[in-house]
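Hi,

Here is the structure I promised to pass on. Have a look at it first, and my notes on rings and backbone follow below.

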Amino acid sequence: ATVQFTFYPNMAQVTGTLTEATDVTPVALSDSKVDVTLAEYGSSVITTALIRGTSFLNVDADAANIIGYNMVDSIDKVVSNVLMGGTNVLYSKGSGAQPTSRVTVADANTYDTTTPRQAVAQLRGDSAPGWENGNYMAIIHPDVSYDLRGETAVTDVIQYQLYQDGAPIRAGSIGTFNGINYIENPRAPILDDAGATSTTNVYQTLICGRQAAAKAFSRAPGFGEQPSIVFGPVTDTLRRFNPVGWYHLAGWSIFRQECMRRIESSSSIGDNT
């Protein structure tokens, strides 16, 4: 029920020279581990014969579609709750005073270009491996993306990219900026009224490299890396009730704290009222 990941930290640098007639002193290896516990996740709905026989809609197909969306929505939240527990946190200054904690994030502390640049420097300083071309990946809320794309430095890059590959820019993509590949996701967490005032929402943007998270899942028959849609058995006497649901047996954990940074900010178009 628990999967254990074991890894070795880097050895200390050796900068001294060897002595010709003296043997070297062996260094003991050390190791660390991360335990990930498997847990069950899932939900289901039941369609009835009456609704299938009287509805203008294809109820069974619609139920499967709704269940599929709920599966993605739910698992995203489960993983987000784990990763947002990281201990490396930065606070965006924006046009206000520099926050020192979540409860000091004010309406003016929107997402700027300086704080993510600092996050990249810290990640590279911790030797966090990046993704494609060494860039890191960020999950950003559309409200935060709005402020980032309005920054002068970003608009200059956007104008330049229009001449290189204009289609993504015209579609509103942020793309890669300052070593970060931004991905917009409306499920990026919003902490309602968690800032400096009782009306300031705090947005959480996660920037991570490889080895930030660990995932465990069962390879037993009927299980797998991804959740599955399950059509339950029809067990009632008149076969009126058709169940459909989703199921997953998996677990997630932070693998290396050094490979992730969380930036907390407000948004100029957030519901700060």
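Tryptophan 252 counts as buried, at 15% relative accessibility (buried means under 20% relative accessible area, exposed over 50% and partly exposed in between, with a 1.4 Å probe and protein chains only). Please keep in mind that this is a predicted model, where local features need pLDDT of at least 70, side-chain atom pairs count only at pLDDT 80 or more, and totals for chains, interfaces and linings use all residues. Residues are numbered from 1 along each chain as its sequence is written, and side-chain values use heavy atoms, leaving out hydrogens and water.

Tryptophan 252 sits in strand E12 (residues 241-254) and pairs with tyrosine 41 in strand E3 (residues 39-48), 211 residues apart in the chain. Strands here are DSSP runs of E with at least two residues, helices are runs of H or I with at least four, and both are numbered from the N terminus. The two rings are 6.0 Å apart centre to centre, with 55 degrees between the planes, a tilted pair. Rings of Phe, Tyr and Trp (its six-membered ring) pair if their centres lie within 6.5 Å; planes under 30 degrees apart are stacked, over 60 edge-to-face, and the rest tilted. Tyrosine 41 is partly exposed, at 25%.

The count comes to 5 aromatic pairs, and ring pairs join Phe5, Phe7 and Phe255 into a cluster.

On the backbone, serine 127 has a positive phi near 60 degrees. Serine 127 lies in the loop between helix H3 (114-125) and strand E5 (136-140) and is exposed, at 54%. Asparagine 178 also has a positive phi, about 55 degrees.

Best wishes
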